[in-house]
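Have the sequence and the model open beside it.

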Amino acid sequence: MSKQTFVMTPKNYPRPLEVLGEHAAVLASDQGTIGSELFLKEGSRGSTSPWHRRPSERAATKTFSKMIHRLKEDVRSWYELHRRNGATNVVVWAIYLELLLMLVLLVLLPFDTVQVGGRYRLIKPLNFTMSMAMYLATVVILLDYLRASMWWKKVIGWGVSICILTAITCITMQAARGTTSHFNNSTPFDSTVSSLMDIVDPLNSVFVLVLLIFAVQSKYDVSRSSQLGIVFGILLFLAGSVIGGVMVAHGQSVVGVAPEGPGLPVVNWSTKGGDFRVAHFLGIHAFQILPIAGWLINQMEGLPRRAKLTAVVAVSAGYVSLMGIVFLQAMNGVPLVRM
């Protein structure tokens with residue numbers, strides 16, 4: 001075999017190109033894998049991107065995508081947890097009954113011609129079925145994440161379900177009869193129905209109080225931010241229940257005007273006088289809003305743990321302030337919206 005001499009001569013290669021963008025990986029096969037938008041430039045010349053998002057927009061989109069991804073993961077993990085927890089089955093069936101009733105009321109609503117208290121009679125039970133379904137769904141999630149014995153979970157689940165189904169039965173039955181369910185003492189039967197509701201509502205609050213005790217003891221298998229949101233949410237739910245007791249003691253939900261006066265569409269909150277139902281509504285639904293706020297705050301990766309807890313406290317304090325303002329408005333006979 002003859003020997004050959006290889007001579008390597010220097011060559012003037014062009015200057016390296018600047019790579020702009022997120023990142024690029026060059027494979028051994030001489031193919032490039034581009035992770036995001038890339039464009040090349042040499043010196044002051046070269047191709048540029050026709051359009052690209054600003055860094056703040058990219059960061060916001062990326063953060064939102066991460067939150068959606070984590071929400072999906074949390075939903076999947078919750079479902080697996082729920083599937084293994086048979087203690088909440090009765091609450092789930094109560095939700096199905098509420099949703100079925102809601103569907104029936106929605107079908108019948110266009111044909112409703114009877115008005116009670118200034119609105120069509122089926123609107124009130126329809127509003128309550130939606131609110132109660134959300135409440136029961138929240139109870140299911142809390143019981144699934146609760147680190148307690150099956151006995152406690154079943155007691156709370158059965159107790160809450162019985163109270164809620166009794167209340168919605170009374171509300172729907174009275175609406176079908178063309179009369180009111182709350183503060184109605186016009187006949188012995190109506191008085192009995194109203195008294196029954198005045199019993200099951202505080203009894204339901206007792207079971208929620210048990211959930212609060214577990215929350216204070218950090219018995220929920222969730223983040224600290226979510227746990228704090230649960231504590232504040234239950235506290236304000238109980239405060240909303242107390243406002244319901246104020247309405248019972250007052251004999252009506254409004255101040256300074258007749259109960260059948262004009263009100264806002266759907267919710268029927270008075271537009272002429274004070275209405276305790278506004279603060280009552282905010283308190284009851286703090287049960288969902290503040291735990292969700294705690295979960296959202298926990299998703300903010302840039303915040304340290306102490307700052308997250310502070311943020312949950314700040315949001316809860318703002319919610320308390322809002323609730324206090326509308327309650328004082330009602331006490332002084334001032335409507336939420338004057339029309």
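Aromatic pairs

A: F287 is buried, its relative accessible area being 1%; buried means under 20%, exposed over 50%, and partly exposed in between, with a 1.4 Å probe and protein chains only. This is a predicted model, in which local features need pLDDT of at least 70, side-chain atom pairs count only at pLDDT 80 or more, and totals for chains, interfaces and linings use all residues. Residues are numbered from 1 along each chain as its sequence is written, and side-chain values use heavy atoms, with hydrogens and water left out.

Q: How many aromatic pairs does a search of the whole structure find?

A: A pair of aromatic rings is described by the distance of the centres and the angle of the planes. Rings of Phe, Tyr and Trp (its six-membered ring) pair if their centres lie within 6.5 Å; planes under 30 degrees apart are stacked, over 60 edge-to-face, and the rest tilted. The search of the whole structure finds 8. One of them is the tilted pair of Y135 and F287, at 5.4 Å centre to centre and 40 degrees between the planes.

Q: Which parts does the pair of Y135 and F287 tie together?

A: Helices (H or I, at least four residues) are DSSP runs, numbered from the N terminus. Y135 lies in helix α3 (residues 123-145) and F287 in helix α7 (residues 277-298), so the pair joins parts 152 residues apart in sequence. Y135 is buried, at 5% relative accessible area.

Q: Which residues form one aromatic cluster?

A: Y135, F237 and F287 do.

Conventions:
Helix = DSSP H or I, 4+ residues; strand = E, 2+ residues; numbered from the N terminus.
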